[in-house]
Structure formats: C-alpha cells, structure tokens
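Hi there,

Here is the structure I promised to pass on. Have a look at it first, and then read on for what turned up.

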2 protein chains.
Amino acid sequence: MFTVCCEAHMTKVSRNANMAKLKAGYLFPEIARRRSAHMLKYPDAQVISLGIGDTTEPIPEVIISGLAKKAHALSTLEGYSGYGAEQGEKQLRAAIASTYYADLSIEESDIFVSDGAKSDISHLQVMFGSNVTMAVQDPSYPAYVDSSVILGQTGQFQKDVEKYGKIEYMKCNPENGFFPDLSTVSRTDIIFFCSPNNPTGNAATREQLTRLVQFAKDNGSILVYDSGYAMFISDDSPRSIFEIPGAKEVAIEVSSFSKHAGFTGVRLGWTVVPKELLYSDGFPVAKDFNRIVCTTFNVASNISQAGGLACLSPEGLEGMHKVVSFYKENTNIIMETFISLGFSVYGGKNSPYVWVHFPGQSSWDVFSEILGKTHVVTTPGSGFGPAGDGFIRVCAFGHRGNVLEACKRFKQLYK
Amino acid sequence: MFTVCCEAHMTKVSRNANMAKLKAGYLFPEIARRRSAHMLKYPDAQVISLGIGDTTEPIPEVIISGLAKKAHALSTLEGYSGYGAEQGEKQLRAAIASTYYADLSIEESDIFVSDGAKSDISHLQVMFGSNVTMAVQDPSYPAYVDSSVILGQTGQFQKDVEKYGKIEYMKCNPENGFFPDLSTVSRTDIIFFCSPNNPTGNAATREQLTRLVQFAKDNGSILVYDSGYAMFISDDSPRSIFEIPGAKEVAIEVSSFSKHAGFTGVRLGWTVVPKELLYSDGFPVAKDFNRIVCTTFNVASNISQAGGLACLSPEGLEGMHKVVSFYKENTNIIMETFISLGFSVYGGKNSPYVWVHFPGQSSWDVFSEILGKTHVVTTPGSGFGPAGDGFIRVCAFGHRGNVLEACKRFKQLYK
C-alpha cells in the first residue's frame with residue numbers, strides 16, 4: 001500500500017484509526033481517476049460526463065450581476081467589508097426564510113449560511129460527536145456515511161455485506177418504492193434522509209415523510225433532512241421537511257444553491273436548525289450548532305452570499321427556474337432513451353438523476369462497459385451503498401448536445 | 001442556562017459531552033456581543049474597533065479585476081465551470097508554491113487550497129481524531145484549543161488555572177521573549193505554533209524555530225505551523241517553517257490570504273502537507289488529509305480562487321504589499337502611542353498586533369475600562385489563554401483616521 005525508505009523520519013503520532021477504516025477512495029475522485037485513465041487510453045475519444053452531479057449551464061446574468069457588484073464594492077472604501085456575521089448575512093438569511101419557509105414559521109435566526117451542504121454535513125457530524133448512532137438510506141450520497149466513519153461513529157467496513165458496522169442501512173429499492181420499511185429499521189440517534197434522493201432520484205411523498213417524522217419522534221431521533229434537490233420537484237411532494245407538522249421538534253434541514261443556481265463552484269448552502277429541536281437534557285441543538293459555526297469555519301464568501309441574495313430576487317428565481325427546467329428536459333431525454341431500450345428506470349421526475357436498473361449485473365461492470373464502449377461517464381450505483389448495486393445513476397446535468405449524443409450512443413450499445 | 005417548557009418534545013439524543021466542555025462563547029462573538037451592548041448604551045458614541053483582527057482597507061483593483069473576470073465568465077457557456085479539483089485549482093496551487101515556497105522544494109501537490117485557516121485547523125483536528133494530545137502557545141488564537149476540545153482531545157476546563165485538562169500550554173511572555181522554554185514542555189502528538197503570533201505579535205527567530213523543529217523531531221511530534229501573518233514580517237525571521245532544514249518531516253503549514261489581501265470576507269487559504277510527513281506506521285499524513293479534503297468540504301469558491309491567482313501576479317503582490325505597509329504604519333502609530341504613555345509594549349514590528357501590558361490588572365477589566373471610557377474596542381489578552389491575562393491586544397487594521405482618533409483617546413485616558 002505504501003513504501004517508506006529505511007532512513008525516513010517517522011513521527012510517533014498514531015494514524016487516526018477511523019481514517020484507516022475508510023474504503024480506499026471517496027466515490028467521485030475515484031470516478032474522476034477512472035475517467036482520466038480512460039482519456040489517456042483513448043486520447044481522441046469525445047468523453048461525455050453524465051457522472052458527477054456537476055452543473056454545466058451558465059449562471060443567469062442577473063445573479064452574476066449581484067455577485068459582481070459585491071466584488072467591485074470590495075475595491076472601494078465605502079463598499080469594503082471583512083468578516084461578516086458567522087451565521088451569514090442577515091439579508092440573505094431573511095431572504096432564505098421568506099423564499100423557502102414562508103408559511104412554515106422558520107425564522108431568519110433558525111438559518112445558518114455555509115459554503116455548501118457537504119461542509120454542513122461534516123459540521124453536523126463534528127457537533128454530534130463520536131457517540132451517536134446513525135441511519136442512512138441505502139443507497140445514499142456517500143458524504144453521510146464517510147463523515148460518520150471519520151468521526152468514529154461506526155465499526156469497521158464489513159467486506160461481505162459492503163457495510164460499516166454500527167450504521168443502520170435503510171434499504172430503498174423498487175420493491176418498497178424507494179421508501180424504507182420503517183418497521184424493520186432499528187432506532188438510531190441520527191437519521192440522514194435525502195429527498196429528492198441522490199442517487200435514486202425518488203422524492204418522498206407527504207404521507208411517507210409524515211411517517212418518517214413520527215418514526216423519529218417516537219424514537220427520539222434527530223432527522224437530518226437533505227433538500228438540496230427540492231427545486232427539481234414537479235409534483236406535490238414536500239420541498240421541505242418543515243412542511244410536515246411537528247418536524248421542527250425532530251429535524252434539521254441541509255440545503256444548497258449548488259444545483260439550482262449552478263453554484264457548485266461558487267459554494268453556498270444553508271442549514272436550518274429550529275430552536276424547538278432539543279437534546280435529551282433539553283439543551284437546544286441550535287446553540288451547539290451556532291458554536292460550531294463560530295469556531296470551526298467562516299460562513300461562505302461574502303461574494304457568494306451576494307450571489308445568493310441575487311438568486312432570491314424575483315428575476316433570480318425566474319433565472320434559476322429556467323435553468324432547472326432545462327436540466328429537467330435533459331432528464332426526460334435520458335429517461336425516454338432508457339425506457340425505449342427496455343430498461344426499468346426510476347427517479348427523474350422530481351430530480352436530475354435517472355436510476356437505471358441492470359438486474360444481476362455489478363454496477364462497476366456496467367460503469368466500465370458504458371465508459372469503454374460509449375465514452376460516457378456515469379456513476380455506479382454501488383458507490384452509494386450496497387442496495388445500489390445493479391444500478392447506475394445517469395445525471396442530467398450537461399449541455400443538450402452532449403446529452404443527445406450520449407443517448408445516441410446508449411441506443412447503439414443497447415439496441 | 002436554558003429553560004424548556006414542560007410540554008416540549010425532547011429527543012433522546014445525548015448532547016456531545018465535548019461541546020458541553022466549551023466555555024460559554026467563542027472569544028470574538030463575545031466581544032461583538034459586548035460591543036453591541038455598549039452601542040445600545042451609548043447610541044451616539046463613535047465606536048472604533050481595534051478588536052477583532054478584521055481588515056478594513058479596499059482590495060487592490062487588480063485583484064478584484066481577476067476575481068470579477070471569473071465571476072463574469074460563469075455567466076457564459078465557454079467560461080462556466082462547476083466543481084473544481086478538491087485540492088484547489090492547479091494554477092493557484094502552482095502559484096502558491098512558486099511565490100511562497102520557491103526555494104524550499106515544496107511542490108504544487110503538497111498544497112491544499114481551502115476557504116481559510118480557521119476551517120483548515122478544524123479539518124486537521126478532524127483528521128487527527130480524538131486520541132492525540134496537543135500543545136499550544138499560551139496565549140494563542142482560540143481556534144486551536146476550541147477545536148481540540150470539540151474533537152474530544154482534552155479534559156474538562158479547570159476554572160482555577162483557566163486551562164483545559166490534557167492540553168500542554170506553552171507559556172509565552174516577556175520573560176522568555178515570547179518563545180516557550182522547551183525544556184519544560186511535555187511531549188505531545190501535535191504542537192500548534194503561530195508565528196508571527198496572534199495575539200502577541202511576536203515572530204520567532206530562525207534559531208528559535210530550528211530548536212522547535214528539533215524538539216518536534218526528537219519527540220516524534222507533528223508541528224502545525226500557522227504562518228497567516230508572514231507578510232507582516234519586517235526583519236529576517238522565517239516566513240515559512242519550511243525554511244528550517246528538516247521541517248518537511250515534522251511540519252504542516254496553515255496559511256491564508258485573509259490578512260494580506262483583505263480576504264477575510266472573500267475566504268481563501270491553504271495548507272501545506274509535505275509528502276515526507278509520516279505517521280508512526282509510515283503512512284503519509286498527506287494521504288489522509290487528501291481524503292478529508294475530498295470528503296468533508298469543497299475547497300473554496302472558484303471566484304475566490306481566481307482572486308487568489310490575481311493576488312499572486314506581480315501587480316497583485318505589489319498591491320498586497322502596499323496594503324500591508326499601510327497597516328504597518330498603523331501599527332507604528334499605536335505602538336508609539338502606548339510607549340509614549342509609559343506602557344510596556346510588545347509585538348507590532350512583524351505583525352499587525354500590538355500587545356500592551358497592564359501588570360496586575362485583569363484583561364477583561366482593562367477591556368471594559370477602555371471601551372467604557374474611550375468607545376474603543378480592543379481584545380482582552382486572557383481570551384487567548386491564561387498567560388494573556390494582564391495584556392490587551394490592539395489591532396492595527398482600521399482606517400487611518402480611526403486609528404489616530406483611537407490613539408488620541410488612549411492619550412486622554414492614560415495621560
């Protein structure tokens with residue numbers, strides 16, 4: 001695994017045993033590595049990426065204007081500002097509250113701005129510490145599990161079942177409509193739940209989320225709800241967990257501008273921690289999260305925050321909706337392609353992700369076959385958890401021409 | 001401390017005992033709170049802040065241009081980019097390596113870009129985990145200790161000595177020239193060391209740092225060296241720990257654009273983890289840090305990174321030097337003021353911080369007296385550790401008029 005020259009100095013610091021538990025590579029860098037290797041092998045191939053959920057379309061001009069205005073102000077004596085409020089700019093917090101939580105009695109002070117959902121997941125794990133137990137949808141976005149491993153909440157990785165010890169994996173598959181059978185789920189302290197789900201693309205219904213909130217309440221669990229894809233919802237599925245009565249006493253919501261505004265590179269997200277959410281001793285979770293926010297990072301760039309504020313203006317919202325609609329058209333094209341080829345296809349409707357079933361096949365084999373034969377990068381379902389094996393995730397972020405070309409190649413491969 | 005209505009739902013999740021160990025408030029929000037309370041009491045007072053080390057001068061136009069150019073590119077099809085490399089943009093990493101580490105054989109691949117030093121300190125602590133022991137300069141920037149407490153590396157706070165259990169506090173005071181007497185320092189796994197120091201303003205000499213590196217090597221410790229104020233050095237003190245032979249086998253360096261480029265709000269920093277740094281089992285620390293970087297956050301805003309690249313152009317460097325020179329003139333004005341009033345004054349020469357001695361007085365009392373009588377916000381030395389009591393930190397970030405006015409008021413108060 002690694003070689004050390006006989007004369008090298010070694011410190012006497014023991015490597016963190018939790019880091020050693022992690023499987024070799026975080027999923028997305030591993031895909032990037034395989035993509036690079038493929039491009040070396042086929043230097044002339046036109047490789048198309050429908051793998052990593054990375055936005056591709058320009059940010060609407062009105063949003064960039066707001067953002068650039070702040071940048072230019074920083075070069076003036078009147079407009080310069082340094083450290084902002086640790087919890088985020090007041091105006092931005094207020095705009096998030098009024099845009100996304102208007103009728104849900106979530107207040108500006110419940111909202112903590114950050115540089116993105118991935119960071120906040122890690123911040124929450126640091127706050128919870130190593131003694132909590134956690135449940136996660138299987139499959140799910142790998143940052144939940146990996147951050148849990150790093151913090152020491154889990155046992156070792158068990159190769160036979162492809163699971164870490166002490167994590168409750170809540171299987172989500174076509175048989176249960178991608179909603180876990182809660183009667184078989186053990187109680188944990190923390191439940192991570194993402195809807196619309198990454199990678200399956202499935203959005204939980206109001207009735208399902210009502211059951212989930214009740215389950216958390218009955219078990220005294222804290223639900224960490226990831227609504228990063230809420231703007232992709234087309235039907236009447238809830239956009240926020242706080243649409244469910246009683247959720248404020250059991251849930252935290254993590255969300256982001258990444259996929260809606262094309263801010264994957266600009267970096268801006270937020271987390272809602274309601275004052276009503278209490279630890280077993282009655283201490284408000286929000287107070288500890290506030291301490292984490294003040295002590296371990298410095299919110300997001302003031303320029304990104306200005307961009308976020310521009311996103312939430314009427315013109316900005318309209319711009320975001322247009323971009324989301326564009327990606328949703330891509331989704332339809334991909335779905336129709338795989339349906340026409342006879343595959344069982346899930347997700348898509350409320351999400352930029354299409355979840356394609358290859359029964360009996362290994363996800364990495366399918367990934368490799370598609371990459372090798374069509375030069376299209378997808379994401380192997382097993383990278384999201386053992387229940388994802390036999391699926392691949394095809395992502396609808398991409399220029400239209402690339403999506404059409406990829407679908408043409410899929411049709412050639414599977415005709 | 002908190003009251004809960006009899007009917008409130010409480011989860012069954014135990015509060016993280018490490019969070020409960022933390023003293024009430026992180027230092028800087030506490031100062032901001034007291035400042036706000038003061039402003040409520042004296043609504044007409046012209047309050048001047050020489051407290052939090054927050055930059056005040058505009059960012060040079062050439063840097064903002066680079067940054068704004070990237071922002072505008074994001075609204076175009078050709079210029080748009082989403083997720084970048086987790087370790088930071090290649091060009092920026094190369095520019096950091098060639099600007100700051102040209103003759104020190106630190107390579108581009110040793111450099112990890114982030115949204116700032118505070119974040120990276122926390123990322124490093126998460127990587128080290130809860131089983132390491134740590135040493136810290138006393139006084140020092142509170143994020144080292146607080147992040148250690150949060151990760152569970154420490155014992156309880158001991159009120160009688162104002163220290164957390166299991167942390168080795170390395171006293172730095174006028175008697176030892178602000179460099180710890182290493183013969184009295186116990187071995188720890190990690191040693192945090194900041195030079196030029198925040199808050200004392202003292203820069204360690206080459207000879208002192210050579211001893212420190214040898215101390216770390218002899219003990220098998222990892223040195224986490226914070227060089228965030230390196231550009232303020234006027235004499236021949238090392239700007240980087242890697243100027244010391246052998247440091248690559250024992251040290252990590254954390255640094256930032258915050259104070260040099262006025263990026264406190266823009267957010268950009270970096271951490272150097274040399275490949276030569278190994279855990280006791282020979283595993284490279286950089287490999288684990290790379291995993292942390294890939295899994296727990298997403299580098300810094302691509303716009304901030306473009307700004308960083310502009311900072312490191314010849315014109316950007318010249319612009320940064322001008323701003324730093326301006327703050328250094330402020331420092332001189334503050335130092336001369338306190339010297340003329342008969343105080344013992346430290347720091348300043350290589351740093352934007354002036355460390356003023358009030359022997360026998362409590363720092364918070366001095367802080368309150370200065371705020372109450374002059375409406376000037378400073379920082380109480382005891383907020384940085386028990387050895388800081390009896391001192392206040394006066395910070396040279398500020399418009400010239402405000403610095404002059406503050407000094408006039410100091411002269412009236414202490415004449």
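The contact between the two chains draws 97 residues from chain B and 97 residues from chain A. Please keep in mind that this is a predicted model. Putting the chains together buries about 8000 Å², and carbon and sulfur atoms account for 60% of that area. On the chain B side, the residues that lose the most area to chain A are His9(B), Tyr83(B) and Arg291(B), which together make up 10% of what that side buries.

Six helices of chain B, namely α3 (61-73), α5 (117-128), α6 (142-151), α7 (206-219), α9 (285-296) and α10 (302-311), each supply at least two residues of the side that touches chain A. The most comes from α9(B), with seven residues. By residue type, the side of chain B that touches chain A splits into 45 nonpolar, 30 polar and 22 charged residues.

As for salt bridges, the rule finds four across the interface of chain B and chain A. One of them joins Asp288(B) to Arg15(A), where the closest N and O atoms are 2.7 Å apart.

Now for some helices within the chains. In chain A, helix α5 covers residues 117-128, twelve residues in total, and spans 16 Å from its first C-alpha to its last, close to the 16 Å expected at 1.5 Å a residue. How many residues of α5(A) are buried? Twelve of the twelve are, so this helix is largely enclosed by the rest of the structure. The buried residues of α5(A) include Lys118(A), Asp120(A) and His123(A), as well as Ile121(A), Leu124(A) and Phe128(A). Just after α5(A) comes Gly129(A), which takes a positive phi of about 85 degrees.

Helix α4 of chain A (residues 90-100) has Leu92(A), Arg93(A), Ala95(A), Ile96(A) and Ala97(A) as its buried residues. These buried residues of α4(A) pack against β2 (111-114), β10 (269-272) and α10 (302-311) of chain A.

Is Gln208(B) buried or exposed? Its relative accessibility is 13%, and because the cut-off for buried is under 20%, Gln208(B) counts as buried. Leaving aside residues up to four places away in sequence, Gln208(B) touches Gly177(B), Phe179(B) and Ala203(B).

Best wishes

Key: Residues are numbered from 1 along each chain as its sequence is written. Chains are lettered from A and ligands numbered from 1 in the order in which they are written. This is a predicted model: local features need pLDDT of at least 70, side-chain atom pairs count only at pLDDT 80 or more; totals for chains, interfaces and linings use all residues. Side-chain values use heavy atoms; hydrogens and water are left out. Contact means heavy atoms within 4.5 Å. Buried area is the accessible area (1.4 Å probe) that two parts lose on being put together, summed over both. A salt bridge is a side-chain nitrogen of Lys or Arg within 4 Å of a carboxyl oxygen of Asp or Glu. Helices (H or I, at least four residues) and strands (E, at least two) are DSSP runs, numbered from the N terminus. Ala, Val, Leu, Ile, Met, Phe, Trp, Tyr, Cys and Pro count as nonpolar, Asp, Glu, Lys and Arg as charged, and the others, Gly among them, as polar. The expected span of a helix is 1.5 Å times one less than its number of residues. Buried means under 20% relative accessible area, exposed over 50%, partly exposed in between (1.4 Å probe, protein chains only).
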